[in-house]
Amino acid sequence: MKKLSYFLAALVGLSMQYAMAQTPKGSVLIKNATVITVTNGTHENTDVLVQDGIVKKIAPDIKAPNGVETIDASGKYLMPGIIDAHSHIALDVVNEATAPIVAEVRMKDVVNPYEIGIYRALAGGVTMSHAMHGSANVVGGQNATLKHRWGSTDPADIIMQDAPRTIKFALGENPTRVHGRGRGIQPRSRMGVEAILRNGFNEALQYKKAWADFNAASSQKGSTAVAPQYNERLQTLADILDGKIIIHCHSYRADEIYMLINVAKDFGIKKLVFQHTNEGFKVAPEIAEYTMGASVFADWWAYKFEVYYSTAFNAAILQKNGVITSINSDDAELIRHLYHEAAKTQRYGGMTDDEALAMITINPAKQLGVSDKVGSIEEGKQADLVIFEGHPLSSYAIPQMTFVDGVKYFDINSDEDDQRQLVSATEMVEPIYLHEETAHKCMQDTEYLFETAEALFSLNQH
Amino acid sequence: MKRLNKSFFAFLLTLLPMFAMAQIDGEFVKPRSGKFLLQNATVHTITKGVLENTSVLIENGKIAQIGSGISAGDAEVFDCTGLVIYPGMIDGGTTLGLVEVNSVPETVDSQEIGNFTPNMQALTAVNPNSEAVPVTRVSGVTTVLTVPQGGLFPGTAALINLVGYTPDQMYAGAKAVVMNFPSSGRRGRWDRRSDDDIKKESEKALKEANELWDNAKSYYELTEKGAELEYYPEMAQLAKVISGELPLMIEVNTASDIQGALKWIEGKNAKFILSGVSEGWRVADEIAKAGVPVITGPVQALPTRQSDRYDAAYSNAGKMSKAGVKVAIRTDDQENVRNLPFHAAFAAAYGMGKEEAWKAVTITPAEIFGLADQLGSVEQGKVANLIVATKDPFETSSQVMHVFINGYRIPLSNRHIRLYQEFLERSPGLNKN
């Protein structure tokens with residue numbers, strides 16, 4: 001018996017160690033770079049010392065501590081790792097399309113650390129992505145915030161464990177097409193979308209009350225109160241109401257954006273970020289006043305009707321109206337040149353360098369609730385860094401090295417052609433994809449709802 | 001009283017036009033032609049080097065003069081001190097004007113029913129008033145090839161200038177019959193055909209192409225001999241490739257398909273262009289040896305294979321160009337053809353070099369379409385398709401200051417810009433709900 005308890009104690013100890021297993025953390029001294037901190041100016045000929053994954057010092061002429069590798073970045077630019085607030089890379093599935101509300105599902109259960117898209121994002125300077133549920137539901141699943149620790153084989157190791165919970169919402173064409181048109185149930189219209197939200201949150205309030213009543217009753221002596229049935233879906237909605245989860249809402253039209261702001265106000269929900277937000281520019285003051293901002297495309301429009309009345313000046317208008325604005329990809333290709341997408345805000349609206357770069361670093365970090373940890377080069381922050389040849393906002397810029405927690409995961413000089421970590425044992429010949437629509441995953445896994453090839457074609461929409 | 005009524009009505013009628021006018025505010029700016037002098041710029045001619053402190057005179061839709069001491073005369077003068085002039089960019093492959101909103105089938109006119117429809121004319125379906133036209137041209141893209149999609153021979157592509165009220169006014173003088181070479185690649189993740197099925201389908205399609213080609217040859221030879229053949233517009237159109245009147249633009253992407261296409265055109269006496277050519281870098285020497293020009297893109301694209309280097313698509317154009325292939329760049333887009341300069345910039349950065357990349361969106365496509373005497377460079381006598389910018393228009397932050405197409409000064413406005421003007425500072429703002 002005693003032996004068994006020793007054994008159990010050891011087992012518990014081991015599993016605790018396993019649970020607390022450290023993801024790789026590196027130390028490096030990057031010398032003589034033009035350091036673009038984003039939040040605290042740009043400094044020429046400056047060194048950045050990283051120790052154990054944390055930026056320790058930003059100053060000229062830092063001496064390398066013993067055993068710390070030095071990288072000469074003379075003539076090059078160092079900027080914070082790029083953060084994509086809307087992505088579907090490294091996910092095995094994207095949509096659980098079976099109900100208008102599927103708040104209970106979690107993307108962290110389908111994270112795929114082997115996906116080559118992670119490496120390709122690193123090669124574009126992207127160190128973090130927000131792995132989102134698709135847009136088939138008014139309330140979709142809970143997202144995962146990823147750190148691109150390429151080479152990790154445990155999904156848990158590429159999830160940023162200290163990031164807050166976020167959840168996907170979606171308004172407009174996608175949920176109304178999937179449920180209204182595809183399945184003949186609410187919502188078929190933007191009226192129905194609002195109803196789904198209000199009904200869902202009211203149900204969650206009742207659920208909360210049922211539990212509160214039970215908890216109050218069960219603490220009474222001799223209580224015979226029976227616990228309400230646990231419901232993960234309603235519990236998640238209740239967590240949103242309690243401010244424990246940040247909503248990231250797929251949205252396009254100004255009216256639906258305005259609607260969700262009103263719903264959020266009515267239910268006291270404060271943590272709200274709009275995604276895509278193509279017509280956000282029309283309600284920029286309202287978004288600025290109430291929300292955590294908007295994450296937008298640099299210039300995508302006209303691929304579907306609800307984005308026909310878009311403008312490439314959207315990000316600039318939002319920013320100038322005081323909205324925290326980020327530029328995202330939603331796309332396995334675009335994620336590789338977000339620095340270039342950010343630069344488009346200079347062509348369309350004359351953003352300054354810092355304003356443009358903030359849109360792919362500190363602003364998405366704010367929207368993901370991690371701006372105290374990442375998103376700028378500051379002493380004490382996690383050392384997610386990129387070295388560029390050429391200014392990152394130049395269309396000729398080429399990312400050279402990408403670091404996550406001080407560990408170098410991409411180096412253009414030692415890049416090897418084939419970076420796959422897992423080669424399919426069942427596919428004899430590697431498939432060649434001519435129109436790789438991992439690019440268009442927002443509606444992935446809803447194909448079964450649409451029978452014609454044409455519908456399939458039009459599903460490749462964000 | 002009756003008379004009074006009548007005269008009162010008459011009075012009211014005279015007011016009508018006044019009321020009608022009173023309801024319209026602001027002035028609509030149209031493209032305008034005229035004599036324009038672009039004074040004192042740095043002129044990147046593409047074919048004849050870079051000329052500092054140089055002026056360009058536009059007259060009758062043409063580049064009338066290039067030099068340093070051109071007298072303005074009665075020309076409207078644009079001071080271009082500190083600015084750069086480049087030829088308008090040419091996108092060698094788009095569906096601009098054929099597709100308005102991709103997911104709304106009623107607005108998609110790029111695909112016809114049928115496998116053999118070379119007589120489908122893209123030019124017919126071009127919407128001169130597409131919102132995407134003014135959105136595109138203010139970026140400096142002045143000319144695009146608009147291409148029908150779909151079957152084995154889906155139709156005939158047309159080169160258009162992005163100004164004009166009718167397709168004919170837009171037509172830039174070049175067409176090409178399009179062929180989609182039987183493909184061994186997958187169309188996407190949802191394409192779950194077995195490797196065997198794909199191979200069989202592509203062999204069958206190739207056999208069909210061969211038969212059609214042989215028939216077109218007979219059609220051409222018989223009509224040359226004066227035979228009166230039955231009405232067969234598809235064959236008549238393909239016969240124009242046999243006769244050399246039109247080139248055949250072959251869309252082909254995987255390495256083995258490119259090799260197949262090169263083999264297919266071997267010994268055929270016609271003008272050929274390869275388009276797409278995503279895996280051109282794998283067989284660049286063979287393409288160069290065959291001497292077939294290539295229109296490749298998009299450059300900002302994923303590699304075709306998981307095992308490929310991340311920059312395979314970025315570097316493709318440069319690798320082919322270095323191997324000696326004549327390479328033009330396309331976006332293969334509709335609403336975002338405006339990004340052509342950025343595709344070219346990525347090609348430049350990843351091995352092609354700026355000079356070659358500039359050619360790939362100007363003189364090279366002009367050459368490929370047989371219009372090098374009219375388009376693709378800043379030279380006297382050429383069509384006045386010109387852009388004036390604050391700096392290298394490939395740079396994202398560069399601002400395009402003037403665009404001229406066919407000698408028309410293009411208004412630097414479009415719906416994107418108008419929405420910016422309206423909403424940058426919304427009024428009423430938060431104060432009034």
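Strand S1 (residues 28-36) and strand S2 (residues 42-51) of chain A pair in the antiparallel sense over six bridges. One of the pairs joins Ala33(A) to Thr46(A), its bridge partner in S2(A). S1(A) and S2(A) form a hairpin too, with five residues between them. Val38(A), in the turn, has a positive phi of about 75°. Strands of a sheet are held in pairs through backbone hydrogen bonds, and the pairing is either parallel or antiparallel.

Apart from neighbours within four places in sequence, Leu78(A) is in contact with Ile30(A), Ala33(A), Thr34(A), Val35(A), Ile36(A), Val48(A), Ala73(A), Leu385(A) and Ile387(A). Which residues touch the most other members of the largest nonpolar core? They are Leu78(A) and Ala347(B), in a core of 258 residues. Helix H10 of chain B gives the most to this core, with ten residues.

The contact between the chains takes 53 residues from chain A and 46 residues from chain B. On the side of chain B that touches chain A, the elements giving two or more residues are helix H10 (340-352) and helix H13 (415-423) of chain B. The residues on that side divide into 18 nonpolar, 18 polar and ten charged.

Two further sheets can be traced in chain A. One is an open sheet of three strands in the order S6-S7-S9, with mixed pairing. Its edge strands are S6 (82-87) and S9 (144-147), each of which pairs on one side only. From one strand to the next, the twist averages 20°. Strand S7 (residues 126-131) of chain A pairs with S9(A) in the antiparallel sense over four bridges, and the bridge partner of Ala131(A) in S9(A) is Ala144(A).

The other is an open sheet of six strands in chain A, in the order S8-S10-S11-S12-S13-S14, and its pairing is mixed. Strand S8 (139-142) and strand S14 (325-327) of chain A are the edge strands, each pairing on one side only. Neighbouring strands of this sheet are turned by 25° against each other on average, direction ignored. At one end of the order, strand S13 (residues 294-296) of chain A pairs with S14(A) in the parallel sense over three bridges. There, Val296(A) stands opposite Ile327(A) in S14(A). Helix H7 (residues 254-266) of chain A packs on the sheet, where the helix touches strand S11 (245-251) and strand S12 (272-276) of chain A. The direction of H7(A) makes about 155° with that of S11(A).

The loop between S11 and H7 of chain A holds Tyr252(A). Is Tyr252(A) buried or exposed? Tyr252(A) counts as buried because 28 C-beta neighbours lie inside 10 Å, and 20 or more are enough for that label. Leaving aside neighbours within four places in sequence, Tyr252(A) is in contact with Gly172(A), His276(A), Asn278(A), Glu279(A), Glu306(A) and Val307(A). Tyr252(A) and Gln275(A) are 23 residues apart in sequence, and their C-alpha atoms are 8.1 Å apart in space.

In chain B, Ser278(B) lies in the loop between strand S11 (272-276) and helix H8 (284-290). Ser278(B) is buried because 28 other C-beta atoms lie within 10 Å. Not counting residues up to four places away in sequence, Ser278(B) touches Leu434(A), Asn253(B), Thr304(B), Ala313(B) and Asn316(B). The C-alpha atoms of Ser278(B) and Val163(B), 115 residues apart along the chain, are separated by 31 Å.

The last point is confidence. Chain A averages a pLDDT of 92, and 89% of the residues score at least 70. Over residues 451-460 of chain A, pLDDT stays under 50. For this stretch the model has twelve contacts beyond four places in sequence. Where pLDDT is low, the predicted coordinates should not be read in detail.

Note on methods: Residues are numbered from 1 along each chain as its sequence is written. Chains are lettered from A and ligands numbered from 1 in the order in which they are written. This is a predicted model: local features need pLDDT of at least 70, side-chain atom pairs count only at pLDDT 80 or more; totals for chains, interfaces and linings use all residues. Two strands pair if DSSP finds at least two bridges between them. Axes are lines fitted to C-alpha atoms, for helices over the stretch in contact, and angles run from 0 to 180 degrees between N-to-C directions. Two residues are in contact if their C-beta atoms, placed from the backbone, lie within 7 Å. Ala, Val, Leu, Ile, Met, Phe, Trp, Tyr, Cys and Pro count as nonpolar, Asp, Glu, Lys and Arg as charged, and the others, Gly among them, as polar. A nonpolar core is a set of buried Ala, Val, Leu, Ile, Met, Phe, Trp, Tyr and Cys residues joined through C-beta atoms within 7 Å. A residue is buried if 20 or more other C-beta atoms lie within 10 Å of its own, exposed if 12 or fewer, and partly exposed in between; C-beta atoms are placed from the backbone. pLDDT is the predictor's confidence in each residue, from 0 to 100.
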